Amino acid sequence: MSVLVRIVIKIGVFLSNLVSFKLINVVYEIKCVIYSKIIERSLKVCGDGFKIGFPCVFYGVEDIEIGNNFNSFARLRLEAFRKHNGFHFRPNIRIGDNVSINYDCHIGCINKIIIEDNVLIASKVFITDHFHGEIDKKALLISPSK
């Protein structure tokens, strides 16, 4: 093992003794609380007990309503689109009370999506009320953005 590699390993061991895993979790939880408060205030409606993991993507927050005791882990994408490719929509995402969403979920809306009370959504779930075109020879010649 080279001298440089041994020095890097010793520095890593030294730093790991200074910063505990518990401290890292506390810092992450503080970041999530601050992030949740920022998002919570921008939503159309938001109940008590709102908590999301960092990072997340929220788009069209003025069309999103969330009930009490909402919890989401990191990397949630919650998007309500009013306009795309010259088309106009009236989206509404309504999430009930006691809903928990696991990691890496995506909810995309142009019309209406309602998630009732007491729902648990597993990791890597995609929910949408729209689609991305037909799967035929003619449609395949159209660019994906159209």
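Strand E3 (residues 57–59) runs parallel to strand E6, and 3 bridges join the two. Strands pair if DSSP finds at least two bridges between them; strands themselves are DSSP runs of E with at least two residues, numbered from the N terminus. The model is predicted, so local features need pLDDT of at least 70 and side-chain atom pairs count only at pLDDT 80 or more, whereas totals for chains, interfaces and linings use all residues. Residues are numbered from 1 along each chain as its sequence is written, and side-chain values use heavy atoms, with hydrogens and water left out.

**Strand pairing around E6**

- Within the pairing of E3 and E6, Tyr59 has Glu79 of E6 as its bridge partner.
- E6 is also joined to strand E11 (residues 106–109) by 4 bridges, and these strands run parallel.
- In that pairing, Ala80 has Cys109 of E11 as its bridge partner.

- Strand E10 (residues 100–101) pairs with E13 in the parallel sense over 2 bridges.
- Ser100 stands opposite Leu120 in E13.
- Strands of a sheet pair through backbone hydrogen bonds, either parallel or antiparallel.

- Leu76 is placed in the loop between strand E5 (71–72) and strand E6 (77–80).
- Leu76 counts as buried because its relative accessibility is 0%; buried means under 20% relative accessible area, exposed over 50%, and partly exposed in between, with a 1.4 Å probe and protein chains only.
- Apart from its neighbours within four places in sequence, Leu76 is in contact with Pro55, Cys56, Val57, Phe58, Phe70, Ile101 and Cys105, where contact means heavy atoms within 4.5 Å.
- From C-alpha to C-alpha, Leu76 and Val5 are 38 Å apart in space, and they are 71 residues apart in sequence.

**Cysteines**

- The structure holds 0 disulfides, a disulfide being a pair of cysteine sulfur atoms within 2.5 Å.
- Cys32 is in no disulfide, and the nearest cysteine sulfur, that of Cys56, is 8.0 Å away.
- Cys32 is buried, its relative accessible area being 2%.
- Cys105 is likewise in no disulfide; its nearest cysteine sulfur belongs to Cys56 and is 10 Å away.
- With a relative accessible area of 2%, Cys105 is buried.

**Aromatic pairs**

- The count comes to 4 aromatic pairs; rings of Phe, Tyr and Trp (its six-membered ring) pair if their centres lie within 6.5 Å, and planes under 30 degrees apart count as stacked, over 60 as edge-to-face and the rest as tilted.
- One of these pairs is formed by Phe50 and Phe70, which are stacked at 5.5 Å centre to centre with 15° between the planes.
- Phe50 lies in the loop between strand E1 (45–46) and E2, and Phe70 in the loop between strand E4 (64–66) and E5, so their pair ties together parts that are 20 residues apart in sequence.
- Phe50 counts as buried at 7% relative accessibility, as does Phe70 at 0%.
- Tyr59 and Phe81 form a tilted pair, 5.1 Å centre to centre, with 40° between the planes.
- This pair links distant parts of the chain, 22 residues apart: Tyr59 is in strand E3, while Phe81 is in the loop between E6 and strand E7 (83–84).
- Tyr59 counts as partly exposed at 44% relative accessibility, and Phe81 counts as partly exposed at 24%.
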